[in-house]
Amino acid sequence: MHLSFEEIKSHFKPVVLKKNDFFVKQGAVCAYFCFIEEGILQHAITINEEEKTTYLSLKNSFTSSLKSFLNQTPSRKNIKALHDCKIWVVTRKEFEDLMQFNTAFQTFYFKLIEKQICLIDDYRIDLLALTPEERYLKLLENEPKLLNEVPLHYLASFLGISTRHMSRIRRNIT
(Lines give C-alpha, C1' and ligand atoms only; values in the text may rest on other atoms or scores of the structure.)
Protein backbone atom coordinates (compact mmCIF):
# COMPACT_ATOMS: atom_id res chain seq x y z
CA MET A 1 0.00 0.00 0.00
CA HIS A 2 1.38 3.41 -0.94
CA LEU A 3 0.04 6.52 0.74
CA SER A 4 0.25 10.04 -0.63
CA PHE A 5 1.97 12.87 1.21
CA GLU A 6 -1.43 14.19 2.32
CA GLU A 7 -2.32 10.78 3.76
CA ILE A 8 1.02 10.63 5.60
CA LYS A 9 0.50 14.17 6.90
CA SER A 10 -2.96 13.21 8.14
CA HIS A 11 -1.32 10.88 10.70
CA PHE A 12 0.49 13.86 12.28
CA LYS A 13 -1.41 16.18 14.62
CA PRO A 14 -0.42 19.79 15.45
CA VAL A 15 0.73 20.61 18.99
CA VAL A 16 1.89 23.94 20.42
CA LEU A 17 4.56 23.93 23.13
CA LYS A 18 5.14 27.14 25.06
CA LYS A 19 8.65 28.13 26.09
CA ASN A 20 9.96 25.65 28.72
CA ASP A 21 7.14 23.15 28.11
CA PHE A 22 8.37 19.56 27.96
CA PHE A 23 7.99 17.33 24.92
CA VAL A 24 9.12 14.48 27.21
CA LYS A 25 10.50 14.39 30.75
CA GLN A 26 13.31 12.14 31.89
CA GLY A 27 11.79 8.96 33.32
CA ALA A 28 8.59 9.19 31.27
CA VAL A 29 7.92 7.20 28.09
CA CYS A 30 8.15 9.35 24.97
CA ALA A 31 4.73 9.16 23.32
CA TYR A 32 5.54 10.90 20.04
CA PHE A 33 7.81 11.30 17.05
CA CYS A 34 7.58 14.88 15.79
CA PHE A 35 8.33 17.40 13.08
CA ILE A 36 9.28 20.90 14.25
CA GLU A 37 7.56 23.54 12.15
CA GLU A 38 8.60 26.44 14.40
CA GLY A 39 10.95 26.74 17.38
CA ILE A 40 13.84 24.81 18.92
CA LEU A 41 13.73 21.78 21.22
CA GLN A 42 16.58 21.19 23.67
CA HIS A 43 17.59 17.63 24.53
CA ALA A 44 19.25 17.57 27.96
CA ILE A 45 20.31 15.33 30.80
CA THR A 46 21.03 16.24 34.40
CA ILE A 47 24.37 15.22 35.88
CA ASN A 48 25.19 16.16 39.48
CA GLU A 49 22.26 18.61 39.45
CA GLU A 50 23.70 20.36 36.36
CA GLU A 51 21.77 20.38 33.10
CA LYS A 52 23.83 19.30 30.07
CA THR A 53 22.53 19.96 26.56
CA THR A 54 23.06 16.91 24.38
CA TYR A 55 21.32 18.08 21.22
CA LEU A 56 19.31 20.94 19.74
CA SER A 57 16.46 20.06 17.37
CA LEU A 58 15.81 22.93 15.00
CA LYS A 59 12.98 24.18 12.82
CA ASN A 60 12.18 21.87 9.88
CA SER A 61 13.63 18.79 11.54
CA PHE A 62 12.27 15.62 13.11
CA THR A 63 12.97 14.50 16.65
CA SER A 64 12.00 12.25 19.53
CA SER A 65 13.54 10.55 22.51
CA LEU A 66 13.92 7.77 19.99
CA LYS A 67 14.96 4.86 22.20
CA SER A 68 12.10 5.62 24.57
CA PHE A 69 9.63 6.08 21.71
CA LEU A 70 10.59 2.92 19.82
CA ASN A 71 10.99 0.62 22.84
CA GLN A 72 8.32 2.27 25.03
CA THR A 73 10.82 2.60 27.88
CA PRO A 74 11.50 5.58 30.18
CA SER A 75 13.39 8.41 28.52
CA ARG A 76 16.91 9.06 29.75
CA LYS A 77 16.61 12.73 28.83
CA ASN A 78 14.35 15.75 28.91
CA ILE A 79 13.26 17.44 25.71
CA LYS A 80 11.85 20.92 26.20
CA ALA A 81 10.96 23.98 24.14
CA LEU A 82 13.54 26.78 24.21
CA HIS A 83 10.98 29.03 22.48
CA ASP A 84 7.32 28.68 21.68
CA CYS A 85 7.15 25.75 19.24
CA LYS A 86 4.67 24.45 16.72
CA ILE A 87 5.24 20.74 16.21
CA TRP A 88 3.45 17.93 14.40
CA VAL A 89 3.30 14.64 16.31
CA VAL A 90 2.59 11.04 15.44
CA THR A 91 1.88 8.33 18.03
CA ARG A 92 3.76 5.03 18.20
CA LYS A 93 0.81 3.14 16.67
CA GLU A 94 0.48 5.60 13.79
CA PHE A 95 4.26 5.51 13.29
CA GLU A 96 4.21 1.68 13.12
CA ASP A 97 1.38 1.79 10.59
CA LEU A 98 3.29 4.26 8.41
CA MET A 99 6.43 2.12 8.61
CA GLN A 100 4.51 -1.04 7.75
CA PHE A 101 2.30 0.23 4.94
CA ASN A 102 4.13 3.15 3.35
CA THR A 103 7.36 2.54 1.45
CA ALA A 104 7.88 6.27 0.88
CA PHE A 105 7.74 6.88 4.65
CA GLN A 106 10.08 3.91 5.28
CA THR A 107 12.63 5.28 2.81
CA PHE A 108 12.35 8.77 4.27
CA TYR A 109 12.78 7.47 7.83
CA PHE A 110 15.82 5.33 7.01
CA LYS A 111 17.49 8.28 5.22
CA LEU A 112 16.70 10.48 8.23
CA ILE A 113 18.28 7.94 10.61
CA GLU A 114 21.36 7.60 8.40
CA LYS A 115 21.79 11.38 8.38
CA GLN A 116 21.39 11.55 12.18
CA ILE A 117 23.94 8.78 12.74
CA CYS A 118 26.46 10.68 10.61
CA LEU A 119 25.79 13.92 12.53
CA ILE A 120 26.17 12.14 15.88
CA ASP A 121 29.39 10.51 14.71
CA ASP A 122 30.80 13.89 13.63
CA TYR A 123 29.72 15.48 16.91
CA ARG A 124 31.40 12.78 19.01
CA ILE A 125 34.62 13.01 17.01
CA ASP A 126 34.56 16.82 17.20
CA LEU A 127 34.28 16.68 21.00
CA LEU A 128 37.48 14.60 21.11
CA ALA A 129 39.47 16.02 18.21
CA LEU A 130 38.67 19.74 18.11
CA THR A 131 39.56 22.44 20.59
CA PRO A 132 36.69 24.40 22.17
CA GLU A 133 37.56 27.31 19.85
CA GLU A 134 37.39 25.04 16.78
CA ARG A 135 34.03 23.61 17.90
CA TYR A 136 32.67 27.14 18.34
CA LEU A 137 33.97 28.20 14.90
CA LYS A 138 32.40 25.12 13.32
CA LEU A 139 29.06 25.99 14.94
CA LEU A 140 29.45 29.59 13.78
CA GLU A 141 30.09 28.38 10.22
CA ASN A 142 27.37 25.69 10.07
CA GLU A 143 24.58 27.13 12.25
CA PRO A 144 25.19 30.89 12.74
CA LYS A 145 21.53 31.59 13.54
CA LEU A 146 21.82 29.50 16.71
CA LEU A 147 24.00 32.19 18.25
CA ASN A 148 21.02 34.55 18.19
CA GLU A 149 18.29 32.00 18.92
CA VAL A 150 19.77 29.85 21.70
CA PRO A 151 20.92 31.19 25.09
CA LEU A 152 24.69 31.08 25.54
CA HIS A 153 24.66 28.58 28.42
CA TYR A 154 22.79 25.99 26.29
CA LEU A 155 25.23 26.41 23.39
CA ALA A 156 28.20 26.17 25.73
CA SER A 157 26.85 22.98 27.26
CA PHE A 158 26.15 21.51 23.80
CA LEU A 159 29.75 22.28 22.74
CA GLY A 160 31.18 20.84 25.97
CA ILE A 161 32.50 24.21 27.12
CA SER A 162 31.90 26.13 30.33
CA THR A 163 29.81 29.29 29.96
CA ARG A 164 32.77 31.40 31.10
CA HIS A 165 35.10 29.80 28.53
CA MET A 166 32.45 30.24 25.83
CA SER A 167 32.20 33.97 26.64
CA ARG A 168 35.99 34.26 26.41
CA ILE A 169 36.04 32.46 23.05
CA ARG A 170 33.32 34.72 21.66
CA ARG A 171 35.16 37.83 22.85
CA ASN A 172 38.41 36.69 21.21
CA ILE A 173 36.79 35.74 17.91
CA THR A 174 34.50 38.73 17.34
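Begin with Lys9 and Trp88: the charged end of Lys9 sits over the ring of Trp88, 5.8 Å from its centre. A charge counts as sitting over a ring if NZ of Lys or CZ of Arg is within 6 Å of the ring centre and within 35 degrees of the ring normal. This is a predicted model, in which local features need pLDDT of at least 70 and side-chain atom pairs count only at pLDDT 80 or more, whereas totals for chains, interfaces and linings use all residues. Residues are numbered from 1 along each chain as its sequence is written, and side-chain values use heavy atoms, with hydrogens and water left out.

Next, select Arg92 and Phe69; the charged end of Arg92 sits over the Phe69 ring, 5.9 Å from its centre.

Rings of Phe, Tyr and Trp (its six-membered ring) pair if their centres lie within 6.5 Å; planes under 30 degrees apart count as stacked, over 60 as edge-to-face and the rest as tilted. The count comes to 12 aromatic pairs. Display Phe33 and Tyr109, an edge-to-face pair at 5.9 Å centre to centre with 70° between the planes. This pair links distant parts of the chain, with Phe33 in strand E3 (residues 32–38) and Tyr109 in helix H4 (residues 103–129), 76 residues apart. Helices (H or I, at least four residues) and strands (E, at least two) are DSSP runs, numbered from the N terminus. Both Phe33 and Tyr109 are buried (under 20% relative accessible area; exposed is over 50%, partly exposed in between; 1.4 Å probe, protein chains only).

Finally, select helix H3 (residues 92–101), where Phe95, Leu98 and Met99 are buried. These residues lie on the same side of H3 because they cover an arc of only 95° around the axis, taken from the directions from the helix axis to the C-beta atoms. On the other side of H3, Lys93 and Gln100 are exposed.
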